[in-house]
Structure formats: C-alpha cells, structure tokens
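Visitor: I'd like to learn how to read the features of this fold. Could you walk me through them?

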Amino acid sequence: MIQPLAYIHPEAKIAQNVVIEPFAIIHKDVEIAEGTWIGSHAVINEGARIGRNCKIYPGAVISATPQDLKFNNEYTRTYIGDNTTIREYATISRGTEEHWKTEIGANCLVMAYAHIAHDCRIGNYCIITNNVQMAGHVFMGDWAIIGGSSSVLQFTRIGAHAFISGGSLVRKDVPPFSKAAREPLTYAGINSVGIRRRGYTNEQINQIQEIYRYIYLRGLNNADALTQIELELPPSDERDEIVNFIRSSERGIMKGPSTSNVERE
C-alpha cells in the first residue's frame, strides 16, 4: 500500500498495512505502526513515532526541527498516539534537550494549519482546532479543547476537560473542567456540557461548580480558597485534581469574572 511516487528512507520502519500516498516523504529514524494512513505531500521527519490507525493529511509536517535558537541538533523525538488525526498543513516540532520529546496522546484531533511547538505534552482525546498556535512546553490535559485561531503562550498548562473559546490569547494556566473566554482570558463557568457527555454525574458536576465558586466568586485569594475547599467540601478525585493543579501553577491561573458575567450552567 506504499505508492511508488512516495519517498521512504530505507531505514524507516513501516508496518505492513500502512498506506502511504504519492509524494509523501518519510525520512530515516521514523516508525509508523499498523493501520496508519499518510496523505500526499505529508512530511514525516526524523524522530517521529506514529501509533496505530493514525491519519496524517496532505501537507502536514511531523517532527520538524524545533523553532528554538537554543536547539543544537540534539537527538529528540515526536510521539503521536494511536487513532490520532493530524489534518492538512498542521506542523508539529520535535523536542529539545529540555524535555527531549514532543508528545501527542491517543484519539486526538489536530485540525488544519495548527502548530504544536517543541516539548509540548498533549493528553488523550484532545481537540486542537484550526489555526491554533501553540508555543513550546505547553501542557494540555486529557479531553481538553482549544478553539480556532487561539494562541497559547509557552509553558502554559491547560487542565483536563477544559474548554477554551476561539480566538483566545492563553497567557495563564486554565484549570481543569473550566471554560475560558474573553480578553483577557477569563473564567466563564465550567465545561458542564463536555463533562456530562463523558459520563460525569449531576453530583460531580455540582461539586465542580461549587469548587469554582470558592475560587472565583467569593472574593478569596487562591491560597485561602483552596484551604477552605479542603476544609469544607468532601474529598473527591475532581476536587483533588483542581486543587493540585492550582497549587502547582507557576504562571498563575486565568482571572475570574465579575459575578454578573458568569454564564449560567
């Protein structure tokens, strides 16, 4: 299933049932697992490790040299998880010596013209929409979604199940289960639609809402809000995930809105 007009370096490791369309280029030190499809004019550079049943659309560039002036041609890699789709002209840089790899999890969708820079770590089931520009060292938790034409500053963290609206400038960390919108980026409620689709119960959703009332709507600073959450709200995986995320934030989390601006869930 490899077309004769495709270029495959003899040292590349390609599984038997991979489809590679005409004019695709596969460089050395590339591994592509079973069932993956590589579209015409896609370029898979050195250090790429592509999982099973992925789809790499025409013009995409995987494991490109980092756009980092400190990069000194050190040996680094790019990992793409199983069942992930990379759409047209998306670009993904490999890692640098700071993390040694760029990682995209399983079952993700990276839409057309998105850019994921060196050393980013993207979880599973994430969606990165058209024209998103992601700087280096960004962390993105499972099931998070970034809307189209958003820009994400380097070293920013995006929590699991977070939703960021299109056209956003993401300069601060976005906590798990939250929605982010407006300029500057502001808490806009919790991602109740998304987490309900993923099987979260009404009880869990209500607790997540209550946690964010402490953080954003009671006039408390973050340290006091987290202390009160742990004292007054029952333990749960969701509570601990939110508290630990905020406590470990080095950049700080996005700002809170005035009470009148919070969207009703």
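Visitor: Let's start with strand pairing. How many bridges join β10 to strand β13?

Guide: Keep in mind that this is a predicted model. To read a pairing, look at the bridges between two strands and at the sense in which they run. Here three bridges join β10 to β13 (residues 91-93), and the two run parallel. One place to look is I62, whose bridge partner in β13 is I92.

Visitor: And which strand does β7 join?

Guide: That's β10 again: two bridges link β7 (residues 43-44) to β10 (residues 61-64), also in parallel. I44 stands opposite I62 in β10, and I62 is in turn partnered with I92.

Visitor: Let's turn to the cysteines. How many disulfides does the structure hold?

Guide: A disulfide is a covalent bond between the sulfur atoms of two cysteines. This structure holds zero. For C54, the nearest cysteine sulfur is that of C108, 9.5 Å away. For C120, the nearest is that of C126, at 11 Å.

Visitor: Are C54 and C120 buried or exposed?

Guide: The cut-off for buried is under 20% relative accessible area. C54 counts as buried because its relative accessibility is 0%, and C120 counts as buried because its value is 0% too.

Visitor: What about the chain overall: what radius of gyration does it have?

Guide: Set the value beside what a compact globule would give. With 265 residues that would be near 18 Å, and the chain has 20 Å, which agrees. Its C-alpha atoms fill a box of roughly 65 × 40 × 30 Å along the principal axes. Of the 265 residues, 51% count as buried.

Visitor: How much accessible surface does the chain have?

Guide: About 12,400 Å², of which 49% belongs to carbon and sulfur atoms.

Methods:
Residues are numbered from 1 along each chain as its sequence is written. This is a predicted model: local features need pLDDT of at least 70, side-chain atom pairs count only at pLDDT 80 or more; totals for chains, interfaces and linings use all residues. Side-chain values use heavy atoms; hydrogens and water are left out. A disulfide is a pair of cysteine sulfur atoms within 2.5 Å. Buried means under 20% relative accessible area, exposed over 50%, partly exposed in between (1.4 Å probe, protein chains only). Two strands pair if DSSP finds at least two bridges between them. Helices (H or I, at least four residues) and strands (E, at least two) are DSSP runs, numbered from the N terminus. The radius of gyration is taken over C-alpha atoms; the globule rule is 2.2 Å times the number of residues to the power 0.38. Accessible areas come from the Shrake-Rupley method with a 1.4 Å probe; for residues, only the protein chains shown count as cover.
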